[in-house]
Amino acid sequence: MVKPWFTLILSSMLLIAMSLVHGIDQDPLAVEEWFKNLPTMTQKQTHLHFYLHDLVSGTSPTAMRVAQSTITSTSPTAFGFLAMADDKLTTGPEPNSTVVGRAQGIYGSACLEESGLLMTMNLVFTGGDYNGSTLSLLGRNAVFHPYREMPIVGGSGVFRMARGVATAKTHDFNLTSGDAVVEYNVMVVHY
């Protein structure tokens with residue numbers, strides 16, 4: 001039989017651990033209180049650097065085509081394909097680098113003239129100071145340009161009210177498999 005005091009202690013420990021996991025209280029009343037304090041808060045600027053691993057081949061793909069148009073297979077830009085992704089974000093380009101989060105969302109070929117993707121991704125951070133926080137990326141990714149700039153249109157947790165810019169640069173792209181490693185630098189302003 002479990003003692004009542006043990007249950008109370010265990011429950012308290014779980015509540016404390018849950019607040020530490022997310023780094024910021026997401027309870028509706030806490031969010032309302034946070035917004036009340038917004039006029040007195042100071043803006044912060046944060047620079048993030050990580051690598052996105054988009055794996056479309058092999059036994060454990062992290063991105064998968066979920067739809068295509070009637071012309072996708074004959075289009076030089078694969079126009080009309082859509083893929084869902086749950087890609088690793090790591091500290092370095094190596095596959096075994098420390099994982100700092102996931103890029104979860106959808107991207108698709110939205111250009112008839114060049115390889116240009118429409119990307120809508122949630123950058124979900126899973127460790128450190130940003131654990132449980134997200135950034136929302138929405139924009140055009142012309143994948144064969146050396147650098148691509150996409151807007152950060154929002155965020156949650158530590159990144160509430162975020163806005164900024166993500167720049168992407170392909171670190172490695174395998175033409176045979178379609179797998180890619182992309183370096184990201186993200187500059188955001190948040191409270």
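**Close-up views of a predicted model**

View 1. Strand E5 (residues 116–125) and strand E6 (residues 134–142) are antiparallel and joined by nine bridges; strands count as paired when DSSP finds at least two bridges between them, and strands are DSSP runs (E, at least two residues) numbered from the N terminus. Look for Leu123 opposite Leu135 in E6. E6 also runs antiparallel to strand E7 (residues 148–156), through four bridges, with Leu137 facing Ile152 in E7. A hairpin of five residues connects E6 to E7.

Residues are numbered from 1 along each chain as its sequence is written, and side-chain values use heavy atoms, leaving out hydrogens and water.

**View 2. Phe50 and Tyr184 form a stacked pair.** Their ring centres lie 5.7 Å apart with planes at 15 degrees (rings of Phe, Tyr and Trp, its six-membered ring, pair if their centres lie within 6.5 Å; planes under 30 degrees apart are stacked, over 60 edge-to-face, the rest tilted). Phe50 sits in strand E1 (residues 44–54) and Tyr184 in strand E9 (residues 180–190), 134 residues apart. Phe50 is buried at 2% relative accessible area (buried is under 20%, exposed over 50%, partly exposed in between; 1.4 Å probe, protein chains only).

**View 3. Arg160 meets Trp34.** The charged end of Arg160 sits over the Trp34 ring, 5.1 Å from its centre (NZ of Lys or CZ of Arg within 6 Å of the ring centre and within 35 degrees of the ring normal).

Terms used: This is a predicted model: local features need pLDDT of at least 70, side-chain atom pairs count only at pLDDT 80 or more; totals for chains, interfaces and linings use all residues.
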